Amino acid sequence: MYYSDTDSLSGISGRMRTKKRPAILETAMDNNPPLRSSGRQVKRKTFETEEEEDGCEKKYRKCEKAGCTATHPVCFASASERCAKNGYTSRWYHLSCGEHFCNECFDHCYRSHKDGYEKYATWKRIWTSNGKTEPSLKAFMSDQLVPFWVQCSKPNCAKWRQLTRDIQMTASSAKTYRCGMKTHTTVKSENTDPCSLSEDLRVGEVEDNKWYSMLIVPPLLKDSPAAPFLGAYYPDCVGMSPSCVNTNRFHNEYSSMKMNSSEQNKTIQSSGMSPYFQPFYQPNECGKALCVRPDVMELDELYEFPEYSRDPTMYLALRNLILALWNINCTEVLTPQKCANHIVVRGLVRIRCVIEVEKILYFVTRKGLVNTGVLTVNPDRPLLPSCYHKKNVIVIGAGAAGLAAARQLRNFGIKVMVLEARDRIGGRVWDDYSLGVTVGKGAQIVNGCINNPIALMCEQLGNKMHKLGDRCDLIEEGGRVVDPTIDKSIDFHFNAMLDVVADWRKDKKQFQDVPLGEKIEEIYKAFSQESGVQFSDLEVKVLQFHLGNLEYACGSNLQQVSARSWDHNEFFAQFAGDHTLFTSGYSSIISKLGDALDIRLNMPVVSINYSGDDICIGTANGTLWMTQKVLVTVPLTLLQKNTIQFYPHLSERKIKAINSLGQGVIEKGKHCVLMSVISGDAVAVIRDMTEQQVIELCMKVLKELFKEQEVPDPVRYFVTQWNKDPWTQMAYSFIKAGGSGEAYDIIAEDIQGKVFFAGEATNRHFPQTVTGAYLSGVREASKIAAL
């Protein structure tokens with residue numbers, strides 16, 4: 001996108017072939033001045049304009065850059081006493097169609113015997129030590145001498161004004177600038193209203209794509225808020241100027257070693273930001289969810305902004321700026337104006353940056369990377385422009401996925417309504433307070449807090465999370481703690497068996513799949529026969545604990561789980577960092593997500609007819625609702641049992657995918673601060689029991705474990721019974737033997753751009769979690785808004 005002056009060579013060489021008169025030979029290198037022939041200077045009419053008026057001759061020289069519209073360039077630099085200003089010079093150096101500097105100013109800075117050389121040389125040393133790009137004189141002029149442009153902050157004006165070259169612009173001065181002002185002072189004007197002065201004509205040209213294509217030096221931001229996040233990168237590779245103090249790289253200190261995540265965390269914490277906010281990958285880092293490479297555009301970004309495919313510098317500079325500002329302050333709406341104030345770059349290109357940052361902000365907002373969570377948005381000032389508002393949506397289900405989508409759509413300015421079958425919101429998120437503390441009947445753990453939207457929403461609400469320790473003692477009968485050596489040994493064997501499963505499945509097709517439990521038994525028997533090792537009774541019990549824990553993770557007996565795809569999501573980047581207990585409960589987030597939404601409770605949906613232009617939704621009480629788009633977020637079990645009838649029917653492909661997933665069930669029992677998690681075959685054992693019978697069974701186990709101690713009867717208790725909830729009937733999904741992770745993607749596919757699907761069973765990357773459900777809602781809101 002950015003061109004050098006090499007395109008002028010062909011024209012020069014063509015003129016030199018003629019023998020009409022001597023010519024001036026000019027090289028195409030940015031840093032080389034024109035070579036002059038001996039004797040007097042000659043005129044070249046190709047680049048000069050002569051006008052005869054009353055016998056007076058005026059001489060002008062056009063810009064030699066092919067396609068440049070400047071017929072009478074003006075030197076912005078004024079560095080040399082011999083500056084051509086708006087007169088004649090032997091060569092104009094092109095930065096943009098509205099910005100040039102003369103050959104005299106070039107010589108002033110480039111020639112070692114000139115006064116301006118020392119400043120250029122000093123800048124060059126700094127640039128070279130921090131940056132990666134060539135420290136050309138044009139880069140120096142763009143970075144140091146081109147005047148700043150600022151926009152009047154008066155809403156009824158908003159005109160762009162060029163500051164004098166000696167004035168330094170800052171984010172704070174850009175925020176408060178008004179026509180007629182200088183930094184901290186006011187300029188007296190003959191006009192009573194400085195805003196009445198016309199805007200420079202060059203400003204109008206900046207929006208033209210041709211102007212952008214003629215830009216020589218890409219914009220590199222000064223004092224970018226992204227700098228604390230990107231200390232391990234070359235600044236000019238991530239859209240920042242290497243000449244600034246805050247972009248001094250750490251690679252000089254660490255040699256070839258890059259700043260790792262822990263070092264970055266210290267930098268972030270010192271600035272007051274949450275250590276869980278890490279929006280950018282560090283060099284050589286991978287596998288971290290919701291992270292972007294600050295030096296590379298992602299595929300969806302290239303699809304949305306193909307104009308940056310040749311040189312992404314401007315896009316990266318602005319995208320990184322946006323993400324940094326959001327992570328620094330996620331409690332307030334990030335607006336285009338807030339972003340614009342932090343775009344500190346010289347020249348007309350700042351105007352272009354301000355235009356582009358609005359587009360990029362809308363894009364990352366729609367994706368749910370910024371302006372998301374439980375953010376409060378004024379409905380009169382939606383996050384997206386009016387072109388997105390011309391649709392209405394009904395969301396079926398007020399769980400994490402449905403509320404996330406509805407919240408996003410409302411904040412975008414789209415009319416949305418939620419239909420919920422229950423008399424409460426939250427779905428499988430449901431907290432109990434009867435025991436004197438918050439107890440999650442459903443989810444209560446946050447698995448991996450770095451970049452997790454749950455951690456983001458906790459930050460927005462001011463909620464605290466309790467970090468879970470790594471220690472997990474196993475207790476045998478009599479209350480004795482299992483010998484850690486035995487625990488560690490069996491843990492090693494258990495993970496070794498899973499490694500054998502991973503090796504086995506490498507060349508297996510879907511039809512060759514077997515149940516995970518069956519495969520583990522086969523491996524265990526083969527190990528015992530080949531090694532002759534026999535586990536003791538205690539070791540067998542410890543192994544059963546690990547198998548039970550795996551059943552808890554899958555939500556099912558391992559004889560139903562796919563050996564080929566049981567951990568399919570581990571192939572994608574996952575949330576890293578601390579595992580925490582959400583002490584205030586997920587309901588605090590759910591409640592806030594539901595604020596100000598149009599939610600209709602006790603409205604079970606029984607049919608969706610999308611055969612016409614509008615969609616007709618029928619509820620159990622006979623009410624019909626019409627809408628343009630519908631988002632279905634009901635649990636997988638309800639789709640499998642055809643609780644909602646679709647007209648036309650769902651495709652065979654989607655039905656097959658729905659039925660290839662299993663419905664995991666786990667149940668909890670709570671004793672003061674003691675929680676029991678029941679999974680695998682044990683779920684079937686308690687399914688038909690009363691709550692009292694379940695409690696008696698749990699108490700029997702406790703008394704056997706602690707025979708030498710008196711185990712008191714519980715004062716209060718509850719059993720979750722999710723399997724009996726008619727609108728849930730499950731905990732979370734898993735892949736059944738013979739299935740594949742692709743099923744999640746197929747279920748998530750929309751139908752004709754009218755019927756959409758969300759929920760944890762539609763999120764291949766993060767299934768089985770509230771985070772996955774939430775993100776699926778954000779994903780579908782983005783898709784709906786984009787149509």
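Student: Why does N569 count as buried?

Tutor: Keep in mind first that this is a predicted model. The relative accessibility of N569 is 14%, and since buried means under 20% relative accessible area, N569 counts as buried. N569 sits in the loop between α18 (537–554) and β15 (579–581).

Student: Which residues is N569 in contact with, leaving aside its neighbours within four places in sequence?

Tutor: They are Q574, R764, H765 and P767, and the word contact is used here for heavy atoms within 4.5 Å.

Student: How do you know that the span of helix α14 agrees with what it should be?

Tutor: Helix α14 covers residues 400–412, which makes 13 residues. The expected span is 1.5 Å times one less than the number of residues, so α14 should span 18 Å, and because its end C-alpha atoms are 18 Å apart, the two values agree. Just after α14, G413 takes a positive phi of about 100 degrees.

Student: What makes α14 a mostly covered helix?

Tutor: Of its 13 residues, 12 are buried, that is, under 20% relative accessible area. Among them are A400, G402, L403, R407, Q408 and F412.

Student: What is the largest nonpolar core made of, and which residues have the most contacts inside it?

Tutor: The largest nonpolar core has 108 residues, and I322, I343 and I454 are those with the most contacts inside it. The largest share of this core, 11 residues, is supplied by α11.

Student: What is the volume of the second largest pocket, and which residues are closest to its centre?

Tutor: Its volume is about 1,400 Å³. The second largest pocket is lined by 42 residues, of which L290, E298, K367, L369 and L775 are the closest to its centre.

Student: How does the lining of the second largest pocket divide into nonpolar, polar and charged residues?

Tutor: There are 23 nonpolar, 9 polar and 10 charged residues in the lining of the second largest pocket. Several helices supply at least two residues each, including α10 (299–304), α13 (349–367) and α24 (742–748), while the largest share of the lining, 6 residues, comes from α25.

Definitions and conventions: Residues numbered from 1 in each chain as written. Predicted model: local features only at pLDDT ≥ 70, side-chain atom pairs only at ≥ 80, totals over all residues. Heavy atoms only, no water. Helix = DSSP H or I, 4+ residues; strand = E, 2+ residues; numbered from the N terminus. Buried < 20%, exposed > 50% of the residue type's maximum accessible area, 1.4 Å probe, protein only. 1 Å grid on protein atoms, 1.4 Å probe; cavity = no way out; pocket = protein on both sides within 12 Å on 5 of 7 lines; lining within 4 Å. Points joined across faces, edges and corners; volume = space filled by probe spheres on them. Nonpolar A, V, L, I, M, F, W, Y, C, P; charged D, E, K, R; others polar. Core = buried A, V, L, I, M, F, W, Y, C linked by side-chain atoms within 4.5 Å.
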